[in-house]
Amino acid sequence: MSKRNVDLTSKEWRDLVFADKNKEFGAYQMRKESDKRHNLAALFTLIGLIVVFFLILAYSKYSDYKAEQDAIALQEQREKMAAAELLQQEDEPEPEPEPEEQKFEQPEIEIPEEVLATVQVTQIAIVDADKVKNEVMDMETQKEDNTARGVVNQEGSDDADKFKAVQEQVVVKEPEPEKPKEEEIFVAVEQMAEFPGGQAALMKWLSSNIRYPEAAQQNDIQGRVIVKFVVEKDGSIGQATILKGVDKDLDREALRVVKKMPKWQPGKNNGVAVRSYFNLPVTFKLQNS
């Protein structure tokens with residue numbers, strides 16, 4: 001047999017190997033069908049790669065679709081919250097004006113002016129004897145006499161202690177300072193108050209800071225707590241209350257996390273920051289539910 005290059009997978013090589021052997025033997029049949037198997041293997045491999053490619057493409061399309069649906073759902077949630085606030089504004093009756101506080105002024109008691117009776121002290125002057133009209137009272141007589149002395153004669157009370165007591169009762173009443181009026185808190189504003197970064201940032205912040213109460217987890221308690229609070233003009237949070245509760249532990253945790261929030265962007269009317277109400281739903285959901 002001459003030396004030459006022979007393809008080990010070719011039919012010629014197979015016939016050469018099995019030239020003097022029983023071709024009915026299984027090895028020959030297997031070698032005979034090896035080309036078909038190789039071709040099928042290559043075809044299945046190609047089909048598998050194509051299927052994997054389409055699966056990856058489909059997953060990518062699904063991920064984009066899911067992200068788009070999540071964005072639409074978030075937008076719908078914001079619109080529903082805005083509609084719920086407007087509906088609540090329509091349902092809430094206008095606050096009745098507070099009755100003016102009736103001020104009862106204490107009537108001023110007119111105290112009659114108490115005048116102390118006095119007797120003119122005689123002044124010493126050198127005059128003629130026939131012109132003297134008032135008798136001069138010596139010092140001993142003045143000490144024994146309880147009459148008050150003055151520069152003129154005046155009728156009035158002889159009780160000096162009573163005169164002093166009446167004078168002490170006359171007190172000048174100072175007007176009470178007016179109480180400052182509390183600024184109005186708006187239910188609806190032209191530009192709503194907003195968490196820094198928007199709704200998505202708010203949801204992320206809540207999920208990072210909420211601690212699910214242990215007792216609620218053990219009792220499989222979950223639900224949505226709605227907290228009502230005031231966004232002040234400087235963006236700080238105040239007057240947080242439970243508008244709709246679920247459980248005392250969940251309500252307490254919702255209040256805690258709301259009071260812990262950073263400063264918001266305040267609501268505005270005509271471009272000016274104002275105090276405004278905001279209703280925030282805080283959802284508690286167990287992972288295994």
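**Figure 1. Overview of the predicted model.** The protein has eight helices and eight strands, and the structure shown is a predicted model. Of its 289 residues, 21% count as buried. The accessible surface comes to about 23900 Å², and carbon and sulfur atoms contribute 54% of that area. Among contacts with a separation of 6 or more, 74% are accounted for by residues 24 or more positions apart.

**Figure 2. Aromatic pair of Trp264 and Phe278.** Seven aromatic pairs are found in the whole structure. In the pair of Trp264 and Phe278, the ring centres are 4.9 Å apart and the planes stand at 65°, so the arrangement is edge-to-face. Trp264 belongs to the loop between α8 and β6, whereas Phe278 belongs to strand β8 (residues 275–284); the pair therefore ties together parts that are 14 residues apart in sequence. Both residues, Trp264 and Phe278, are buried.

**Figure 3. Lys228 and the ring of Tyr277.** Lys228 lies over the face of Tyr277. The distance to the ring centre is 4.5 Å.

**Figure 4. Surroundings of Lys263.** Lys263 is found in the loop between α8 (248–259) and β6 (268–269). Beyond its neighbours within four places in sequence, Lys263 is in contact with Pro196, Asp234, Gly235 and Ser236. With Asp234, the side chain of Lys263 meets in a salt bridge, at 3.9 Å from N to O. Asp234 is partly exposed, with a relative accessible area of 45%. The C-alpha atoms of Lys263 and Val231 are 8.5 Å apart in space, while the two residues are 32 residues apart in sequence.

**Figure 5. Salt bridge between Glu194 and Arg78.** The structure holds seven salt bridges, one of which joins Glu194 to Arg78, with the closest N and O atoms 3.9 Å apart. This pair links distant parts of the chain, 116 residues apart: Glu194 is in the loop between β3 (185–186) and α6 (199–209), and Arg78 is in helix α3 (residues 34–91). Glu194 is partly exposed at 29% relative accessibility, as is Arg78 with a relative accessible area of 38%.

Figure 6. The side chains of Arg252 and Asp249 meet in a salt bridge at 3.1 Å, N to O. Both residues lie in helix α8, three residues apart, or about one turn of the helix. Arg252 counts as exposed at 51% relative accessibility, whereas Asp249 counts as buried at 18%.

Technical notes
Residues numbered from 1 in each chain as written. Predicted model: local features only at pLDDT ≥ 70, side-chain atom pairs only at ≥ 80, totals over all residues. Heavy atoms only, no water. Helix = DSSP H or I, 4+ residues; strand = E, 2+ residues; numbered from the N terminus. Contact = heavy atoms within 4.5 Å. Phe/Tyr/Trp six-rings, centres within 6.5 Å; stacked < 30°, edge-to-face > 60°. Buried < 20%, exposed > 50% of the residue type's maximum accessible area, 1.4 Å probe, protein only. Lys NZ or Arg CZ within 6 Å of the ring centre and 35° of its normal. Areas by Shrake-Rupley, 256 points an atom, 1.4 Å probe, with all protein chains shown as cover. Salt bridge = Lys/Arg side-chain N within 4 Å of Asp/Glu carboxyl O.
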